[in-house]
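Here is a short briefing on one protein model. Start with the structure, then take the topics in turn.

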Amino acid sequence: MFDWGFRCFHCHHSLAISSHGFCSKCCKQLAHSEYCGHCGSNLLENQLSCGNCLRNEPKWHRIVQVFAYKAPLSEWIHRFKFQQQHYLDNALGRLLLLAIKQAQREHQLVLPEVIIPVPLFWQRHWQRSYNQAELLAHYVAKKLNLPLDLYSLQRMKPTRSQRELTAMERRKNLKNAFCFKPLKNYQRVAIVDDVVTTGSTLNTICLELRKKGVKEIQVWTLARA
């Protein structure tokens, strides 16, 4: 059998299918887990709402996620986002695509009219040279044959990481951070981001979309931290 040099990005063993990026053994570490199809909380069985939704309801309607934010997925995301390993886009995009297909089966997910990645502020985009959410969105949009809109949603100012901020600081940080001027009269939209942490950024984006008449907002992400 020929070894063409295609190796798993994680364990470096030979790949049977080079386009997968990660081998089946490493992917099995991402054990399937049930979660709430609304907020993304881990549950014992798949549901479309849960107690966490009642206590802190997100502004989006549906969520699709690959796995919890822990190793090895957290390591792959960190490499993709912070270590200039943009070539992980197809391998991670494939995992997101599989999660979307699974959500169609188990959460009765209806595909959106359009896919919109969470934008970076222009300065951050220039420093990093790519937007990781946009790369993921490109992959799934192509595979699902759905339109990709890179222009309707814009980030208007730089923002700090939300994780270490208080609730008041988060609101101040995100005030007037996004502008949504839709190219079309969208009714069902999927927002793609690499990781959902506090959810504050996505909630802010969702409020802007709702102001413009979007009826259903889906969040597609690799992990909910």
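Leaving aside neighbours within four places in sequence, His38 is in contact with Leu48, Ser49, Cys53, Glu57, Pro58, Trp60, His61, Arg62 and Ile63. His38 lies in the loop between H1 and helix H2 (51-55). His38 is buried, at a relative accessible area of 9%. The model is predicted, with a mean pLDDT of 90 for the protein.

**Confidence**

- In the protein, 95% of the residues reach a pLDDT of 70 or more.
- Confidence is highest in strand E2 (residues 114-117), at a mean of 98.
- Confidence is lowest in helix H7 (residues 167-174), where the mean is 74.

**Cysteines**

- How many disulfides does the structure hold? The structure holds zero.
- Cys26 is in no disulfide, and the nearest cysteine sulfur, that of Cys23, is 3.6 Å away.
- A disulfide needs the two sulfur atoms within 2.5 Å.
- Cys26 is buried, with a relative accessible area of 2%.

**Ser24 in helix H1**

- Ser24 lies in helix H1.
- Is Ser24 buried or exposed? Ser24 is exposed, with a relative accessible area of 55%.
- Ser24 and Cys8 are 16 residues apart along the chain, and their C-alpha atoms are separated by 9.2 Å.

**Aromatic pairs**

- The whole structure contains five aromatic pairs.
- One of them joins Phe9 and Tyr87.
- Phe9 is partly exposed, at 25% relative accessibility. Tyr87 is partly exposed too, at 43%.
- Phe80 and Tyr130 make another pair, with ring centres 6.4 Å apart and planes at 35°, so this pair is tilted.
- Phe80 lies in helix H3, and Tyr130 lies in the loop between helix H5 (122-128) and helix H6 (132-144). The pair therefore ties together parts that are 50 residues apart in sequence.
- Phe80 is buried, with a relative accessible area of 0%. Tyr130 is buried, with 6%.
- Phe9, Phe22, Trp76 and Tyr87 form one aromatic cluster.

**Helix H4**

- H4 has 18 residues. The helix reaches 25 Å from its first C-alpha to its last, close to the 26 Å expected at 1.5 Å a residue.
- Which residues of H4 are buried? They are Asp89, Ala91, Leu92, Gly93, Arg94, Leu95, Leu96, Leu97, Ala99, Ile100 and Ala103.
- These buried residues pack against H1, strand E1 (62-68), H3, H6, E5 and E6.
- Gln108 follows H4 and has a positive phi, near 55°.

**Helix H6**

- Asn131 caps the N-terminal end of H6. A side-chain oxygen of Asn131 lies 3.0 Å from the backbone nitrogen of Ala133.
- The buried residues of H6 are Gln132, Ala133, Leu136, Ala137, Tyr139, Val140, Ala141 and Leu144.
- Where do these residues pack? The buried residues of H6 pack against H3, H4, E2, H5, strand E5 (188-196) and strand E6 (216-224).
- Just after H6, Asn145 takes a positive phi of about 55°.

Methods:
Residues are numbered from 1 along each chain as its sequence is written. This is a predicted model: local features need pLDDT of at least 70, side-chain atom pairs count only at pLDDT 80 or more; totals for chains, interfaces and linings use all residues. Side-chain values use heavy atoms; hydrogens and water are left out. pLDDT is the predictor's confidence in each residue, from 0 to 100. Helices (H or I, at least four residues) and strands (E, at least two) are DSSP runs, numbered from the N terminus. Buried means under 20% relative accessible area, exposed over 50%, partly exposed in between (1.4 Å probe, protein chains only). Rings of Phe, Tyr and Trp (its six-membered ring) pair if their centres lie within 6.5 Å; planes under 30 degrees apart count as stacked, over 60 as edge-to-face and the rest as tilted. Contact means heavy atoms within 4.5 Å. A polar contact is a pair of N or O atoms within 3.5 Å; within protein, one must be able to donate a hydrogen and the other to accept it, and residues adjacent in sequence count only if both atoms are side-chain atoms. The expected span of a helix is 1.5 Å times one less than its number of residues.
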